[in-house]
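Work through the following exercises with the sequence and the structure side by side, and try each task before reading its solution.

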Amino acid sequence: MALMFPFRFAVAMFRDDGASLGTVPVNRDWEPEYEWTRFYYQRKGELALEGNGNASVLPLWEYTLGEPYCRGYRVQIAQPGHRPVAVDFPKTNFRNIASMAASQLVAQNELREGDSYSYMVVAHPAPQEEPRPGGLTVANTSPGVPVQDASLETFMNRAQPSGVIDADDMPVFVRRQVLDEAAALTHAHEGTEVGGILIGKLWRDASAGEIFAEITAQIPAEYTLGTNVKLTFTSQTWAAADAALRLRNRGEVSLGYHHAHPVKFWCKGKEKECTPEKQKSCYLAKDFFSADGEAVMRAAFPRAYSIAIVANDTAVTDLTFSMFGNRKGITQPRGFYVLEENTSAAN
Amino acid sequence: MGKANSVLEIPLEISDVSGQKVFSVTNAPTNNTVGELVHEMLGKMDLPRNDANGAPLSYQARLEREGRHLNASERIGDALERGDKLTLQPNIDAGANL
């Protein structure tokens with residue numbers, strides 16, 4: 001279960017008139033796309049829940065220009081004895097790299113601020129790397145997706161949708177009590193970012209060809225450092241949450257985290273406080289997930305079934321909740337279902 | 001199981017915070033420090049080394065057998081036993097990053 005790179009990708013930068021501005025090697029995190037690809041096929045029952053073969057990132061050549069120009073890339077996962085599975089991703093996923101390269105070109109006076117530029121993605125076979133002598137010998141012994149069997153229909157019949165449900169997303173069911181507790185935590189520490197660890201179960205409905213999650217509880221994050229714009233999870237936070245999870249002993253696993261966005265206090269800190277009308281349409285008020293939030297997902301909840309919930313505490317509406325998850329390798333806002341009852345629909 | 005001082009390498013099991021990424025190490029050098037082990041394992045486990053702003057993330061290794069976080073300067077041969085389980089736990093910021 002290793003991610004292989006038989007090709008090296010680069011972004012070729014061009015001026016508006018087509019003149020070359022040079023090439024920037026691509027050094028990016030491919031893990032979210034790999035996790036998405038793997039879980040996508042595991043959900044559909046087309047990939048084993050454990051013991052998958054190696055995965056590769058491969059170029060998709062441009063239809064007209066051909067090699068080395070790419071229209072995108074493919075994450076392909078081998079399955080011993082079966083055909084590999086794959087998901088294709090667009091080259092627009094390299095846009096940030098091109099944008100950063102453009103900023104650097106501006107700093108080097110190769111481009112002027114506001115100049116137009118274009119980019120193309122290229123790929124070349126990677127040179128064979130000699131194995132490094134010494135170093136640790138490791139084997140990936142990660143557990144498979146920890147699923148139990150349940151009926152998706154039974155859950156659906158007992159739940160209310162919240163937000164925009166995308167068919168590509170794994171269904172997530174959140175018990176009302178979890179949201180109530182997150183709201184109480186937020187209100188009890190108004191003006192400070194607080195949070196907790198979301199725990200629950202992954203269920204598989206083989207007849208529906210779907211895996212779905214049930215968030216059964218939240219463990220308030222202890223030993224954190226919170227301000228109005230930041231929440232630091234410390235190593236003690238994770239240790240305490242793990243101890244609480246073990247103590248519950250209900251077969252639950254960590255499925256993500258929640259934290260508060262005290263938006264109304266962000267507005268107060270501004271030199272010129274925003275009007276209520278402006279606050280209503282502010283991008284920070286709903287479905288805003290920062291790069292820091294994504295970094296926590298990547299470091300602590302890397303699997304594609306992991307989710308994050310943000311409690312949006314604004315001055316203009318009651319507390320609302322936004323959920324975020326990995327869709328096609330990108331952390332995006334997503335819908336979910338609320339279970340009003342505090343007992344599992346799997347019972 | 002005794003202390004590992006008399007051997008050069010020991011096997012260990014190392015997991016991430018979620019418990020969903022688990023790697024077994026067959027040859028952790030007893031003369032190395034815990035910090036060196038953590039540094040190398042971050043790459044092997046494909047865990048991020050930097051936060052959203054590019055600043056280095058600090059991870060602590062928690063030794064399950066003793067229920068404590070190890071100091072990065074502790075020597076593997078002094079602190080760990082064969083088959084010990086470690087969890088790599090980061091200090092990391094969530095929030096608005098405004």
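**Exercise 1.** Determine how strand β1 (residues 9–15) of chain B is joined to strand β2 (residues 22–29) of chain B.

Solution. Six bridges join β1 to β2 in chain B, and the two strands run antiparallel. Strands here are DSSP runs of E with at least two residues, helices are runs of H or I with at least four residues, and both are numbered from the N terminus; two strands pair if DSSP finds at least two bridges between them. As a next step, locate B:S15, which stands opposite B:V22 in β2(B). Finally, look at the hairpin of these strands, which has six residues between them and in which B:G19 takes a positive phi near 75 degrees.

This is a predicted model, in which local features need pLDDT of at least 70 and side-chain atom pairs count only at pLDDT 80 or more, while totals for chains, interfaces and linings use all residues. Residues are numbered from 1 along each chain as its sequence is written, and chains are lettered from A and ligands numbered from 1 in the order in which they are written.

**Exercise 2.** Find the direction in which β1(B) and strand β5 (residues 85–95) of chain B run.

Solution. Three bridges join β1(B) to β5(B), and these strands run parallel; B:E13 stands opposite B:K85 in β5(B).
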